[in-house]
Amino acid sequence: MLTFDAVEIAFPSFRLTASLDIQAGRRVAVIGPSGAGKSTLLGAIAGFVQHEGAILWQGERIDGLPPAKRPVAMLFQDNNLFTHLTLGQNVGLGLRPDLRLAPDDKAAADAALDRVGLGRFGSRKPGSLSGGQQSRAALARVLVMRRPLLLLDEPFAALGPALKDEMLDLVAELAEETGATVLMVTHDPRDAVRLSEEAVFVADGVAAPPVPTPQLLEDPPPKLAAYLGRR
Ligand SMILES: Nc1ncnc2c1ncn2[C@@H]1O[C@H](COP(=O)(O)OP(=O)(O)OP(=O)(O)O)[C@@H](O)[C@H]1O
């Protein structure tokens, strides 16, 4: 279980509180108006954002750990693939930031590329791939890290609808296989329904405890209704 215990994030002109639990193995959408604090919430889990209160994973505090030691892998919208490195090396970075890859590491990187359908592309560079293939490579890099918490910050926003659906289904499949707990920031209720079982609504300085995604979208609180354009 991922626990936010009286977490409070305070920037000079922004404040966000969160007291909630997310069951291990769940896929959870983080949804809410622009600027509400969705990315900030993920940043606190990953260790990029300072806060009061405690964040625990399986009952142990992780908020004192440096980002690299947290049980977390994070995927951003711009992929963060290095254009001068091959896909194999980009994925290998998930294992060894210095890229001193042992044979086992190389095999794990190849296996991760294979799993996302890029088995033959290990020696290619990102620039020679389509947007969808680049997204798959970035997913392979977080997959190879084998971290139990997968944080996705609008990772597929730049993809067209069909490709986005394909990626969301792939994430769901991989999460089932690995048992990973997934938190995904999205602006699109369709994405939330496609990927997630539960959703955390972030608005007015509060990240609310998760509720079943269909329930939240069928009967949204007023702020979410306004955000969704349903008044
Ligand atoms: N390092 C920081 N220092 C000060 N303020 C910050 C910092 N990071 C974020 N903020 C502020 O925190 C608020 C929440 O930002 P955040 O990016 O988390 O929102 P969001 O819900 O992810 O927005 P969007 O949907 O537009 O991406 C914003 O007002 C932002 O300006």
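This is a short tour of the structure, stop by stop, with what to select at each one.

**Before you start**

The model is predicted, and local features need pLDDT of at least 70, side-chain atom pairs count only at pLDDT 80 or more, and totals for chains, interfaces and linings use all residues. Residue numbers start from 1 along each chain as its sequence is written.

**Stop 1: the ligand**

Select the ligand, then Phe11, Phe14, Gly32, Ser34, Gly35, Ala36, Gly37, Lys38, Ser39 and Thr40, which surround it. A residue counts as near a molecule if its C-beta atom, placed from the backbone, lies within 6 Å of it.

Which helix gives the most to this shell? Helix α1 (residues 38-46) does, with three residues. Helices (H or I, at least four residues) and strands (E, at least two) are DSSP runs numbered from the N terminus.

Colour the shell by class and you will find three nonpolar, six polar and one charged residues. Here Ala, Val, Leu, Ile, Met, Phe, Trp, Tyr, Cys and Pro count as nonpolar, Asp, Glu, Lys and Arg as charged, and the others, Gly among them, as polar.

**Stop 2: strand β3**

Now select residues 27-31, strand β3, where five of the five residues are buried. Buried means that 20 or more other C-beta atoms lie within 10 Å of a residue's own; 12 or fewer makes it exposed, and in between it is partly exposed, with C-beta atoms placed from the backbone. Arg27, Ala29 and Ile31 point one way from β3, while Val28 and Val30 point the other way.

Next, show the strands that pair with β3 (pairing requires that DSSP finds at least two bridges between two strands). β3 runs parallel to strand β8 (residues 181-185), with four bridges, and also pairs in the parallel sense with strand β9 (residues 198-203), again over four bridges.

**Stop 3**

Move on to β9, with six of its six residues buried. Glu198, Val200 and Val202 lie on one side, and Ala199, Phe201 and Ala203 on the other.

β9 also has antiparallel partners. With strand β11 (residues 211-212) there are two bridges, and alanine 199 stands opposite valine 211. With strand β10 (residues 206-207) there are two bridges as well, and valine 202 has alanine 207 as its bridge partner. Click on aspartate 204 in the β9 and β10 hairpin, which has two residues between the strands: this residue takes a positive phi near 50°.

**Stop 4: serine 196**

Step back to serine 196, in the loop between α6 (189-195) and β9. Leaving out residues up to four places away in sequence, serine 196 touches Arg27, Val28, Ala29, Met184 and Thr213; contact means C-beta atoms, placed from the backbone, within 7 Å. Draw a distance from serine 196 to arginine 26: their C-alpha atoms are separated by 7.8 Å, though 170 residues apart along the chain.

**Stop 5: the nonpolar core**

In soluble globular proteins, nonpolar side chains tend to be buried together. The largest nonpolar core here has 65 residues, and those with the most contacts inside it are Val30, Ala112, Leu113, Ala140 and Leu151. Such a core is a set of buried Ala, Val, Leu, Ile, Met, Phe, Trp, Tyr and Cys residues joined through C-beta atoms within 7 Å. Select leucine 113 and look beyond its neighbours within four places in sequence: its contacts include Leu87, Val91, Phe121 and Ala140.

**Stop 6: helix α4**

Finish with helix α4 (residues 131-144), which gives the core its largest share, seven residues. In α4, 11 of the 14 residues are buried, and the buried ones pack against β6 (72-76), α2 (87-92), α3 (103-115), β7 (149-153) and α5 (161-178).

Within α4, pick arginine 141. Arginine 141 counts as buried because it has 24 C-beta neighbours inside 10 Å. Apart from residues up to four places away in sequence, arginine 141 touches Asn90, Val91, Leu93 and Gly94. The C-alpha atoms of arginine 141 and glycine 94 are separated by 5.3 Å. Just after α4, arginine 146 takes a positive phi of about 50°.

Definitions and conventions:
Two residues are in contact if their C-beta atoms, placed from the backbone, lie within 7 Å.
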